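I opened the notebook to log a few look-ups.

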Amino acid sequence: MSLSSHPHTFRLSPADYNALTTNAAAQPELYWEREGRRLTWTAEPSAAYCKEKGWFADGALNASVNCLDRHLEKRGNQNALIWQAEDTGNVLRLTYKALHERVCRMANVLRSLGVKIGDRVAIHLPSVPEGPIAMLACARIGAIHVVLFGGFSPEAIADRLADSGAVVAVTANVGRRGAKRIPFKTTLDAALALHPDAHSIRHVLVVSVTEDDVSMDAGRDQWLSPLLDAASSDCTPQHMPSCAPLFLLYTSGSTGKPKGIVHGTGGYLVWASYTHDLVFDHQDGDIFWCTADIGWITGHTYGVYGPLLNGGTVLLFEGMPSHPSPGRWWNVIQDHKVTTFYTSPTAIRALMREGDDVVQRYDLSSLRVLGTVGEPISQEAWSWFNNHVGGGRCAFVDTWWQTESGGIMISPVPGAVTEKPASATLPLPGIHPVLLDEQGVPKAGATEGVLCLRGSWPGRAISIWKDATLFERTYLQPYPGFYFTGDGARRDEDGYYWITGRVDDVINVSGHRIGSAEIEDALATEPTIAESAAIGVPHDLKGQGIVVYVVPRAEAPEDLHIRAVKAITSKVGRYAAPEHIHIVPDLPKTRSGKNVRRLLRKIACGETEGFGDLSTLANPEIVVALVELVQSTKS
């Protein structure tokens, strides 16, 4: 689609965009100093970036003030948050004044429980208003929020609570997901019981989502609502150094143990505001709907911080895309006149299956910008989303970024960058991607390689919690002089980037990054399993699906498949359940004992030849055996 075919008026022209890109490259310090003025500072930073100290290092500010207080005079009566409950008739609209009041009450509750500057607060909630409110309340008093995805298993939650040292947890009695009730409180209780000496939780605050009763520990647990009612709606904000941590967010890596990514305050907020404004062409009156759970970075940056920093209106939806009937998401867009819709390729593929006629029943004319995130999108899904949902009249931003980047890095900009279906297109002004060969040498022109980044940017994570050395080793040491993203990419003759996927052992299932080692560590807890290997394979709905190869200790028990699934879902979460489990006599290994996942992936994808030189394997004969075994399960 060419830019001229868009009927909407966008703020940036191609010439404007080119000027920004040129200025950011030629005078980066002046460029980022100017962008830093997006925020309200208690102490103005004297410089944008210092390699030793970080972004806006000597500045001070408060995140909740920037999201709420500074908008009160002009936008106090404008909706800041619209919450659409699962039942259609239940809608909560919170103006900036009302959201500010609720955040202050929550902040005062946390302070009354002894939460201090730098303390960690775990937030384990479904899609209810208390999630963003708790995040902003933590920011108001200088506490560090740690949002935990609702699909995590008790073991996964226990690991994150122990590592973060959280002192308070905010959870719900249950979550609603269609006809199901998700046992949030029960899951958290199970996590706290797993390693009672390994966590620091002193208080658990429980949001009452439904009338469902749950067990309450008299010395630890309290219903949140009465505490909020009794709390003051006035809370003095704590002004924080720019480089002070704002939040931890755990991401899976190839090492097995989830990493607590630390994002600072000033740099992250500048990046959230800058990218939301630029990529989504933010305009007054926009209703912004990011479908991501706030347990993921997308929900942090574009479900909470970015739109509120820019004085926008956020939509938060509790329900499912097709409950109680197909078309629910389209109904939400129609009812609330959503202008900007940001979702995942996984969701789009699922919605495509409902049929074109479902979309056509609804008035989606309010939409102006469509966006995708989490994984590369296919041309088929791109075209369907663009034509059937956007009616061919919307800007389409296919965005690439990561938990560690804080916000979008490569994306079209409405009105300024010509779209190509399934391409992330061009880096944002101020971002400098490079493609490297295996020796770390930059490659020029149209080519393919390891995607790295030159220099820093305001939204970059500042560390890994309690392990700065691991941060250096993971992101900065693999290719000295560059930031290693872990992704591969292709660059075409126009300089556009096409993301080709992970180059390490992380599997991307519906936008959820799951480390192979995390799955294998879970399987190692099953006594009948001697060894395992988890790999990702293409999946038409999820982007990637998980396939597991399992080597039993002796004769495989009849229920080994069931045991393997249980081990994974109980330790990692239901979202990590494998598509296939192959019980095998052995795994292909190098002579140093490392599993060759490249071969396992090819075999799982149905390939029967073209495996290359197998002479370096310690057990090359196993490849033929595995091919025959996998082929027999498909016949």
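**Helix packing**

I looked at how helix 19 passes helix 20, and the crossing is right-handed. I note here that the model is a predicted one. Next I took the geometry of this pair. Helix 19 covers residues 597-604 and helix 20 covers residues 621-634. Their axes lie 9 Å apart, at an angle of about 30 degrees. Angles under 35 degrees count as roughly parallel, so helix 19 is roughly parallel to helix 20. I then listed the residues in contact. Helix 19 contributes Leu599, Leu600, Ile603 and Ala604. Helix 20 contributes Val623, Leu626, Val627, Val630 and Lys634.

**Salt bridges**

I searched the whole structure and got 30 salt bridges. I picked some to look at one by one.

Arg140 and Asp69 came up as a pair, joined through their side chains at 2.8 Å, N to O. Where do Arg140 and Asp69 lie? Arg140 is in helix 6 (residues 130-141), and Asp69 is in the loop between helix 3 (63-67) and helix 4 (72-75). The pair therefore ties together parts that are 71 residues apart in sequence. I checked burial too. Arg140 is buried, at 2% relative accessible area. Asp69 is partly exposed, at 23%.

I turned to Arg349 and Glu375, whose side chains form a salt bridge at 3.2 Å, N to O. Arg349 sits in helix 13 (residues 345-352). Glu375 sits in the loop between strand 19 (369-372) and helix 15 (379-389). These parts are 26 residues apart in sequence, and the pair ties them together. Is Arg349 buried or exposed? Arg349 is buried, with a relative accessible area of 10%. Glu375 is buried as well, at 9%.

I also logged Arg361 with Asp357, a salt bridge whose closest N and O atoms are 3.5 Å apart. Arg361 counts as exposed, at 53% relative accessibility. Asp357 is partly exposed, at 44%.

Then I followed shared partners. Which residues do such salt bridges join into one network? I found Arg11, Arg34, Glu35, Arg38, Asp277, Asp281, Asp286 and Arg368.

**Record entry**

Last, I looked up UniProt. The unreviewed entry lists residues 17-67 as "domain: Acetyl-coenzyme A synthetase N-terminal". I computed the make-up of that span from the model. Residues 17-67 are 47% helix and 12% strand.

Definitions and conventions:
Residues are numbered from 1 along each chain as its sequence is written. This is a predicted model: local features need pLDDT of at least 70, side-chain atom pairs count only at pLDDT 80 or more; totals for chains, interfaces and linings use all residues. Side-chain values use heavy atoms; hydrogens and water are left out. UniProt positions are given in the numbering used here, feature names are shortened, and annotations may be inferred rather than shown by experiment. Helices (H or I, at least four residues) and strands (E, at least two) are DSSP runs, numbered from the N terminus. A salt bridge is a side-chain nitrogen of Lys or Arg within 4 Å of a carboxyl oxygen of Asp or Glu. Buried means under 20% relative accessible area, exposed over 50%, partly exposed in between (1.4 Å probe, protein chains only). Axes are lines fitted to C-alpha atoms, for helices over the stretch in contact, and angles run from 0 to 180 degrees between N-to-C directions. Angles under 35 degrees count as roughly parallel, over 145 as roughly antiparallel, 65 to 115 as roughly perpendicular and the rest as oblique. A crossing is left-handed if the near helix is turned anticlockwise from the far one by less than a right angle, and right-handed if clockwise. Contact means heavy atoms within 4.5 Å.
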